[in-house]
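Me: I would like to learn how to read the features of a model such as this one, step by step. Could we go through the structure together, taking the general idea before each case?

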Amino acid sequence: MKKILFCLIALTLGSCSELLEEVPADTLVSSNFYQTQSDALAGMNAVYGRLNKGLYNRNFYLYTDSFTDDGAAGIGVNNPFIRAIDNFTHAPVNDRFDLAWQEHYDGINRANEVIEKVPAINMDTQLRNRIVGEAKVVRALLYFNLVRLFGSVPLVLSPTASTEGLDVEQASVDAVYEQVKKDLTDAETVLPLTYSAGDVGRATKGAASGLLARLYLTRNQWTLAAQKCKEIIDSKTYELWDDYAKIFQVGTENQKEAIFSVQFASNVSNGNSMMILSMPRGKVPGLTGNEADMPTDDLVKAYETGDRRREVTVRNSLDVGGRTYSFTNCFFKYYDPAAFSASGDSGVNYPVLRYADVLLMYAEALNELNGPTTEAYALVNQVRARARNGKTGVLPNLTGLTKDTFRDAVLNERRVEFAFEGIRWFDLVRTGRMVAVMKAHGKASVQPFHVLLPIPQREIDTNRKLKQNQGY
Amino acid sequence: MKRNAIPNLGLLTVSLILLNSYSGPAQTTVSNRQPVAAISKPMADITVSGRVTDENAGGLPGVSVVVKGINRGANTDAGGNFTISVPDLNAVLVFSFVGYQKREIPVGSQTQINVTLTPDDQTLNEVVVVGYGTVKKSDLTGSVSSINADQIKKTVNTSLDQALAGRAAGVQVTQASGQPGGAVSIRIRGGNSVNGGNEPLYVVDGFPIYSDNSVSTSGANRGPATNALASLNPNDIENIEILKDASATAIYGTRGANGVVIITTKRGKSGQNTVDFETYYGAQEPRRLIPLLNAREYATMVNEARVNDGQAPYYTADQVAGFGEGTNWQDEIFRSAPIQNYQLSFAGGNAKTRYAITTSYFGQQGTIINSDFKRLATRINLDHSISDRFRVGNSLTVSRTKANIVVTDTDGGGGTGVVLGALLFQPTLPVRNPDGSYLNRSDLGEYGNPVAYAEQVTNISTTFRGLGNFFAEYDILKDLTARVSVGADVLFNKGDFYIPSDNFYGLSTKGVGTVASVLNTTWLNENTLNYRHSFANNHSVNALVGFTAQGSQVESVRASSQNFPNNILGPNNLGSGATVNFPNTDNRSWALVSYLGRVNYNIADRYLLTFTGRADGSSRFGAGNKYAFFPSGAVAWRISNESFMQNQTVFQDLKLRASVGVTGNQEIGQFQSLATLSNATYVLGDAVAIGYTPARFANPDLRWEKTVQFDAGLDVGLLKGRVNLTLDAYYKRTNDLLLAVTVPWTSGFGTSLQNIGSAENKGIELAINSVNTTGSFKWTSAFNIAFNRNKILDLGKITEFFAGGNSGHLKVTNPSLIRVGEPIGRFYGYQADGVFRSPEEITNSAQKTAKPGDRRFVDVDGNGVINALDRTYIGSAQPKFIGGLTNTFAYKRLELTVFLQYSYGNDIFNYNKIELELPAGIQNLGKDLTNRWSASNPGGQYPRATTNRTVEFSSQYLEDGSFLRARNVTLGYQLPQPLLKRMGVRNIKVYASGQNLFTVTKYSGYDPEVSRYGQTNLNIGQDYGGYPLARTLLLGLNLGF
């Protein structure tokens, strides 16, 4: 009897280790992923997937447009941290800056994963290089955002694999820019100019070049910026839409003018919720808006009479069922009529970089190098001509400006052209105008140190190697 | 393991049977011979009569009188008299009666036998079930509390865990939701773990179950979690033992740290074939309703808020004047609801086979409309002696439960649940439109009609559970017993959820349906050898070794779609939803492989030693940490058995106990040590593209949380056993906390589960049972009280972190701060200081931009500004002490039991109070808000009306959650024996009972028993639109044949 029992114990012992091995049946683990070409593609999809959840789905708006003279917190804003951003009373404890930091670094870690692991996969070489290039564009975009928002930030370039070495020191601003430049330059050599239909939305060579141009412009490297813009124009890949509205319509948003956009679709997990957050609240039957992210009167006034861009960007009435409903100005760029009753799920993309930006960057760079040349005028006026939308006698061509007034004119053009596209804050900061403009806009609390966001307190508490930005 | 163990068991069973076949038949013949002999000499019968009396010389009715060895017996009548015929002069009569010591008397030449039975010294001879065996209570070295069927039956319990409330010292039971079948959270001697599970391990008839509601519910339902243990019928329970110290729990190793609740269900007893029918029927209602503004007061406030902010009033003066009381939405959702239970049980058997079969139906409607819980359960417990040495048996229960859930315990705003909705929805609006359809939404706020939300939403959770454990036991030697058990727990849950498109919450989705199911299969194999031996006069040893393996697989599937053309089919035809949501499937397993041993050593009934050890291997942990060993040791000294104590009469029992040991906690879910990936989606080429993103990075070092516990106890029996007292003091230190450690976001992750930090719990428990009076008026009391102090000792690199418990709607963030040196569950916020009443007060304050009528806060750091640095600890959800008191008064056949339960010194964070004190003009308020500050009411105690909804979490919203509650008051009457005899009935008892009859508390909410987050340890003591507990009145009948 005892023997049998002991045999039983002995027999079971043999297979125990097998029993205790954890084999996740429903969950992939990194050790069995990144084996095939489709794994490489799926990894890259996840990198992109970071962009349209949270990050570029409203949060980016809060620290690039809401911060400026363009955006204001409406009645739907209940979050004191957003109100603090609106009033320049923000501090290191702010859930929106937490998200800014967290979402960017999450995206970077995803990109690092692709950049490190895909090269080892046995697959089509050209596709492999392309995927790594795409990941580098996204990583560069995210670091470019971070360095402009927070200044000196930790430069993490490999995926996190263990609890070791998680406290990373801040790299210098120059080092971060160098890395961004390197990633984009690498990507330029391996990415195609365009994709076939099923791959539309991926990062292209144009995206890499355009971001490089933006980097040079930010760094006041005018010659390099001009060169890059010219390269893009000469590639003959892009052109302006006749109608500005086409940029923000689901059917046309990926054509002609789009260089790199965050892709949204009108479905539950990939919708653009900037629509619901900016729509009027309880004023139009069937349209459930929050009235949280609102345009300022300043912005509305910045549009010249007859500017097509105004009605695409800002509206104060809507026709529904033959009746006109009016409300205070709401911003309508991401309004998707198809998502009317499910207004959380707009399918309108968020443009990160479009051709009009290349034209205006080029104009700005040329002006900085040689003053307002004919070529520079032509570039700005090309953008203004489109904004007339066929009307005559409105938005006259620019002419007879000095280097300084041309600079002002381009900046203003950029404001009305790119409102709510995450451009305004960086323009104000890089041109050194932020404090003056925001003071004039009535934000008494604004201080020079506000050009950078505070490093999240939570991150400083967790990583003792970090230093807070001056002033906070 | 699965492949190998089962055939091996088969082999073992076969061999046991083979062994048995040599000795079995012979013995059977022997035991059959006697009755045959008795029948062969019927004429020799001798008639014996007599009277059985109790210790006070009163006749004892109903005493069983049996002729030893043969199947012949009688019962005493109302006067204690009996008559029985015996076969011969060698016969022995056995007198037995519940609560009295059994007596055997040889008949000899007597024909008249008068017997006095003496009461059992129950407390000392009681057998206590401990893990993998039993011990006499007097031999216990560990800290164990017992609750018996009598006590359990006195309260109405939907699930067995509720039966623990207030009964055992150091056991805190929180009914997280009043939803019938709703979740219960239990802490034994405080919570050890921060991020890991803190619920005790349940062992039902030997089958260990960790009651993790998240793996036993499909995930389709919204609202409070349902309780997995509600699928077991609490009336099946014979006994509950709560193992508290390490000496008792170490035998459960890695699952012992949170305490162990051992549940033994009823088994048949030989010689008594009984049929019992038990039923009760009652009505439940909410304890109280919260006074709210009526329609006119509400409309006045709405206008005031708008006018104060320079906006136009919403209602005209005529409209305001026209409003009366309006709709009290609480009246619309709450109701008086029936509760009923029917149970039929058959129990009994003979010397070889015993059985207990019960079948029961329990039906409870909730006090909120469209909520209920039903359970149909059957149990079959069998024992059979194949031979004197070989026994087999089983416990098997099969049940089906079905709960209709209403959505409660949610955040406010767009997802406002039914209870919160009833508090906040405009009293100016009717429930239904003139055409009879539901009014859809409020005209001002973001809320849907709470009545429509309760009535229109399908939210059903159906559970089937089969829990069976089969055993074979063989006495290899006289002192050595082998036992093998094989069991399975199969739980299937299906959730159906549907919000129709005409409900406010279904508007944006045009109807959304979700159906999900989970199949949770756990198997168990336990093999033990038990050796009991006495030697050298007064030494005895009881040793146990064992090998066990347990494994579990949880498989779930979930489908959802929305945008339905109509609402006719509800969740039953998801294919008709035009938009298909992402489906989800899961398949997760875990396994435990364990070796265990225990030695109890008893010297002269004076010195008792226990050593226990268990080596557990768990699949949940990192590759390098699969196995761990959990040892414990205990000593006890029965001073009362020392020779020098034999001449005193004060102490009948005096025992000192001390134990130390290590136990573990493995409740972290699956795959936590692996670098798993999670799904991500994007849009490419206008189509959804699927991707995988890292969800966590690997931690191969992940291991158990270990708790070292010291316990010292004293058991005292005084006044001839009329007073029994148990006192315990303990210290628990939990190291290697399974902590979701905050890591820099630059890693791409927010937290990583690591073994970092430590926490302690220390406390004192006292339980006193006393017989206050004897004789015809009997009064007994049972009292218990427990003090536990919790403290975080170390959190690794950080010294504090916010524990969540936020409201996205109210933008209340971080109300709870976990900090080294402080207990878990402390609330962190501003110190409220009333409202500003004048501009002068504002000028002299730290809130210069405030207006009269704004809330005022204490400038804690005195720097002249109110900011985040002024937040401080403002309360604690941990009670200072908890306990219960039961008094039972019996006069003849009438018995009154009053069971009080209490908790003292805990604060509740009342989210409802924030909502009800927010005069923003979009939602209703508490009646007190009529006393809000305004120019015309400059003495107002509540804030002025303003459309600004900014909320700062402050002490204003914390309330004293102490309570004293009459958990149960029962008056019962047992019909007299002569009457019963005439009716041919063994027993009839009728009773009236009140559950939660009254509750003394300062808490302003519905009920002080709250837990918005169910079983979590981080955010205890929060109330946000929770389903309140009911007060119940019921009538019951027990019928025995």
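Reply: Let us start with burial, where Arg657(B) has a relative accessible area of 4% and therefore counts as buried, the term buried meaning under 20% relative accessible area, exposed over 50%, and partly exposed in between, with a 1.4 Å probe and protein chains only. Before going further, note that this is a predicted model, in which local features need pLDDT of at least 70 and side-chain atom pairs count only at pLDDT 80 or more, while totals for chains, interfaces and linings use all residues. Residues are numbered from 1 along each chain as its sequence is written, chains are lettered from A and ligands numbered from 1 in the order in which they are written, and side-chain values use heavy atoms, with hydrogens and water left out.

Me: With which residue does Arg657(B) meet in a salt bridge?

Reply: Side chains of opposite charge can pair when their charged atoms come close. The criterion used here is a side-chain nitrogen of Lys or Arg within 4 Å of a carboxyl oxygen of Asp or Glu. Arg657(B) meets Asp715(B) in this way, at 3.0 Å from N to O. The pair links distant parts of the chain, 58 residues apart, with Asp715(B) in strand S33 (residues 705–718) of chain B and Arg657(B) in strand S30 of chain B; helices (H or I, at least four residues) and strands (E, at least two) are DSSP runs, numbered from the N terminus. Asp715(B) is buried because its relative accessible area is 12%.

Me: How many salt bridges does the structure hold over all chains?

Reply: The count over all chains is 81. One of them joins Asp293(A) to Arg58(A), whose closest N and O atoms are 2.8 Å apart. Asp293(A) lies in strand S3 (residues 293–295) of chain A and Arg58(A) in helix H2 of chain A, so the pair ties together parts that are 235 residues apart in sequence. Asp293(A), at 4% relative accessibility, counts as buried, and Arg58(A) is buried with a relative accessible area of 10%.

Me: Where in chain B do Arg965(B) and Asp1007(B) lie?

Reply: These residues form a salt bridge in which the closest N and O atoms are 2.4 Å apart. Arg965(B) is in strand S49 of chain B, whereas Asp1007(B) is in the loop between strand S51 (999–1001) and strand S52 (1022–1023) of chain B, so that the pair links distant parts of the chain, 42 residues apart. Arg965(B) is buried, with a relative accessible area of 0%, and Asp1007(B) is buried as well, at 4%. In chain A, salt bridges that share partners join a set of residues into one network, among them Glu257(A), Arg309(A), Lys333(A) and Glu421(A).

Me: Which residues make the nonpolar surface patch?

Reply: Patches are made of residues with over 30% relative accessible area and no salt bridge, like charges being joined within 9 Å and nonpolar side chains (Val, Leu, Ile, Met, Phe, Trp, Tyr) within 5 Å. Accessible areas come from the Shrake-Rupley method with a 1.4 Å probe, and for residues only the protein chains shown count as cover. Here Phe777(B), Trp779(B), Tyr891(B), Leu894(B), Leu896(B), Leu971(B), Tyr973(B) and Val990(B) make a patch of about 660 Å². Strand S38 (777–794), strand S46 (894–904) and strand S49 (963–974) of chain B each supply at least two of its residues. Leu971(B), placed in strand S49 of chain B, counts as partly exposed at 42% relative accessibility.

Me: With which residues is Phe651(B) in contact, leaving aside its neighbours within four places in sequence?

Reply: Contact means heavy atoms within 4.5 Å. On that basis, Phe651(B) is in contact with Met645(B), Val716(B), Gly717(B) and Leu718(B). Phe651(B) is found in strand S30 (residues 651–665) of chain B and counts as partly exposed, at 28% relative accessibility.

Me: Which residues of helix H3 of chain A are buried?

Reply: In this helix (residues 80–87), Phe81(A), Ile82(A), Ala84(A), Ile85(A) and Asp86(A) are buried. The buried residues of H3(A) pack against helix H2 (37–64), strand S1 (71–73) and helix H4 (95–117) of chain A. H3(A) is followed by Phe88(A), which has a positive phi, near 55°.
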